[in-house]
Amino acid sequence: MALVHESEHLDELNTLGPEDLIEWAYREHGDRAGIITSFQNTGCVMIDMAHRVAPQMRVMTVDTLRLPDETYAFMDAVEKRYGIRIERFQPDPERVARMIEQHGEYLFFDSKPKQEYCCRIRKVEPNQRALETVDVWITGLRRDQSDARKQVDKASVVTQGEHRIIKLAPLVDWTEEQVRTYLADNGVPYNPLYDMGYTSIGCKICTTPTKPWEDKRAGRWRWFNQGGEGTSKECGIHLGGSGI
Ligand code: SF4
């Protein structure tokens with residue numbers, strides 16, 4: 001995936017507020033627009049906004065088949081609350097079986113390349129399949145989530161092969177406090193893992209709670225922090241063309 005440097009529409013989109021951006025995406029692109037979320041707090045805010053301004057907006061997720069039980073239960077609760085059907089993009093079962101046969105289910109402990117391989121099979125490839133179905137990709141990226149995300153644009157264009165996709169991050173400049181205030185003021189349900197010290201929600205084992213002074217994504221793949229091996233906290237979905 002590559003980042004496309006062009007200003008068409010983007011300057012204008014970058015000035016819009018979150019609800020206007022979500023409304024614009026559905027009005028202009030209908031079913032070719034969608035929120036792709038892992039049910040972190042920003043995703044919950046955007047689903048709630050879409051429920052008001054674009055109730056037919058697609059909601060999609062990458063189900064790695066290794067998510068915490070709390071996240072699966074929460075997804076069911078979100079479907080009931082908003083009367084929506086979440087589209088779940090899962091890894092190719094044959095690719096997963098071959099990976100486990102060759103490297104074991106817990107290959108991500110072995111090395112950074114094997115962790116990235118697992119992320120590619122379980123996250124990046126299903127995400128690519130999801131992206132094939134949209135022209136507008138709405139994400140929950142925020143600049144305060146990590147150093148690597150400080151430069152994220154609210155609106156950018158990425159390509160997947162020949163396919164151009166407008167990538168929106170409606171809450172890019174929101175703080176954690178703004179997100180929490182929105183959730184509380186609007187009675188929006190959130191993933192119970194946040195009350196257990198998590199500040200980023202991903203696969204079980206690979207994601208752990210964080211301390212107050214740490215990056216919000218510091219809880220990812222902690223075992224690499226000590227080893228001096230790669231310390232990237234990105235799984236690949238938002239690398240190489242995401243504007244970061
Ligand atoms: S976060 Fe862990 S289990 Fe999930 S896809 Fe990446 S390496 Fe695999």
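Residues are numbered from 1 along each chain as its sequence is written. Because the model is predicted, local features need pLDDT of at least 70 and side-chain atom pairs count only at pLDDT 80 or more, while totals for chains, interfaces and linings use all residues.

Helices (H or I, at least four residues) and strands (E, at least two) are DSSP runs, numbered from the N terminus. Helix 2 (residues 18–29) packs on helix 3 (residues 41–53) at an angle of about 60°, and their axes are 9 Å apart. Axes here are lines fitted to C-alpha atoms, for helices over the stretch in contact, and angles run from 0 to 180 degrees between N-to-C directions. The angle makes helix 2 oblique to helix 3; under 35 degrees counts as roughly parallel, over 145 as roughly antiparallel, 65 to 115 as roughly perpendicular and the rest as oblique. Pro 18, Glu 19, Ile 22 and Glu 23 of helix 2 meet Met 46, Met 49, Ala 50 and Val 53 of helix 3, where contact requires C-beta atoms, placed from the backbone, within 7 Å.

Helix 5 (residues 93–103) and helix 6 (residues 112–131) cross at roughly 160°, with axes that come within 10 Å. Helix 5 is therefore roughly antiparallel to helix 6. Their crossing is left-handed. On the helix 5 side the contact involves Arg 95, Val 96, Met 99 and His 103, and on the helix 6 side Lys 114, Tyr 117, Cys 118, Ile 121 and Arg 122.

Cys 118 and Arg 122 also belong to the ligand shell, where they are listed among the closest residues with Cys 119, Cys 203 and Cys 206. The shell has 12 residues, each with its C-beta atom, placed from the backbone, within 6 Å of the ligand.

Most residues other than glycine have a negative phi. Phe 39, in the loop between strand 2 (33–36) and helix 3, has a positive phi of about 65°. Trp 221, in the loop between helix 7 (176–185) and helix 8 (223–227), has a positive phi near 45°. Phe 39 is buried, with 25 other C-beta atoms within 10 Å, and Trp 221 is buried with 26; buried means 20 or more such atoms, exposed 12 or fewer, and partly exposed in between, with C-beta atoms placed from the backbone.

Definitions and conventions
Two residues are in contact if their C-beta atoms, placed from the backbone, lie within 7 Å. A crossing is left-handed if the near helix is turned anticlockwise from the far one by less than a right angle, and right-handed if clockwise.
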